[in-house]
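Open the model in your viewer and keep the selection tool at hand. The tour goes stop by stop.

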Amino acid sequence: MTWGLMTSPAPAAMTSLHARGMQHLHNVIVALVGPHGKSLLPARLQNDSSSDSDTESENSFSMLQPQDYLGLAVFSMLCCFWPLGIAAFYLSQKTNKASAMGDYPRAWTASRQTFALAVLSIILGICTYIGAVVALIAYLSNKAPT
């Protein structure tokens, strides 16, 4: 299928710079839209009028399911600093309950808190393990061999 740009001859009165610019714009639009009115642009570049509103995009954002970070919470509870891990596990369950009830702002808040507590638990757990190893090495190095 071959088709050229649909250009119409400009009348003699339309020889100004503005008229030539408008004709060029018309040619570009025809090249992008095509002869049958179907857009030739990729879907990601097309302007969808249903997503122009800020409130609609905010509503679609709030409808996304937040992560519960359950695996991270369980890992931090069992392998790291367990008191913060238990709190992270509780907040993970709170995220799931809030999502199930449709309270997405509360679910997002609980999700962020779960992640923060789980990461803090892992950091404190690593610091505790390092401290224990350093203390053990210091204790064993001061002990006289018998």
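Which residues in H4 meet which residues in H5? Select Leu84, Gly85, Ala87, Ala88, Leu91, Ser92, Lys94, Thr95, Ala98 and Ser99 in H4. Their partners in H5 are Tyr104, Arg106, Ala107, Ala110, Ser111, Gln113, Thr114, Leu117, Ala118, Leu120, Ser121 and Leu124. Contact means heavy atoms within 4.5 Å. By class, this contact of H4 with H5 holds 12 nonpolar, 8 polar and 2 charged residues. Here Ala, Val, Leu, Ile, Met, Phe, Trp, Tyr, Cys and Pro count as nonpolar, Asp, Glu, Lys and Arg as charged, and the others, Gly among them, as polar.

A note on the source: this is a predicted model, where local features need pLDDT of at least 70 and side-chain atom pairs count only at pLDDT 80 or more, while totals for chains, interfaces and linings use all residues. Residues are numbered from 1 along each chain as its sequence is written, and side-chain values use heavy atoms, with hydrogens and water left out.

**Whole chain**

Zoom out. The chain has 5 helices and 0 strands. Helices (H or I, at least four residues) and strands (E, at least two) are DSSP runs, numbered from the N terminus. Color by burial: 17% of the 146 residues count as buried, meaning under 20% relative accessible area with a 1.4 Å probe, protein chains only.

**H4 and H5**

Now select helix H4, residues 82-101, and helix H5, residues 104-142. Their axes come within 8 Å and cross at roughly 160°. Axes are lines fitted to C-alpha atoms, for helices over the stretch in contact, and angles run from 0 to 180 degrees between N-to-C directions. H4 and H5 are therefore roughly antiparallel (over 145 degrees). The crossing is left-handed: the near helix is turned anticlockwise from the far one by less than a right angle.

**H3 and H5**

Pick Leu72, Ala73, Phe75, Ser76 and Cys79 in H3. They meet Thr114, Phe115, Ala118, Ser121, Ile122 and Tyr129 in H5. This contact of H3 with H5 divides into 8 nonpolar, 3 polar and no charged residues.

**Annotated spans**

Last, select residues 69-91 and 115-140, listed by UniProt as "transmembrane region" in an unreviewed entry. Such annotations may be inferred rather than shown by experiment. Residues 69-91 are 87% helix, with end C-alpha atoms 9 Å apart. Residues 115-140 are 100% helix, with end C-alpha atoms 37 Å apart.

How values were computed:
Parallel < 35°, antiparallel > 145°, perpendicular 65-115°, else oblique. Buried < 20%, exposed > 50% of the residue type's maximum accessible area, 1.4 Å probe, protein only.
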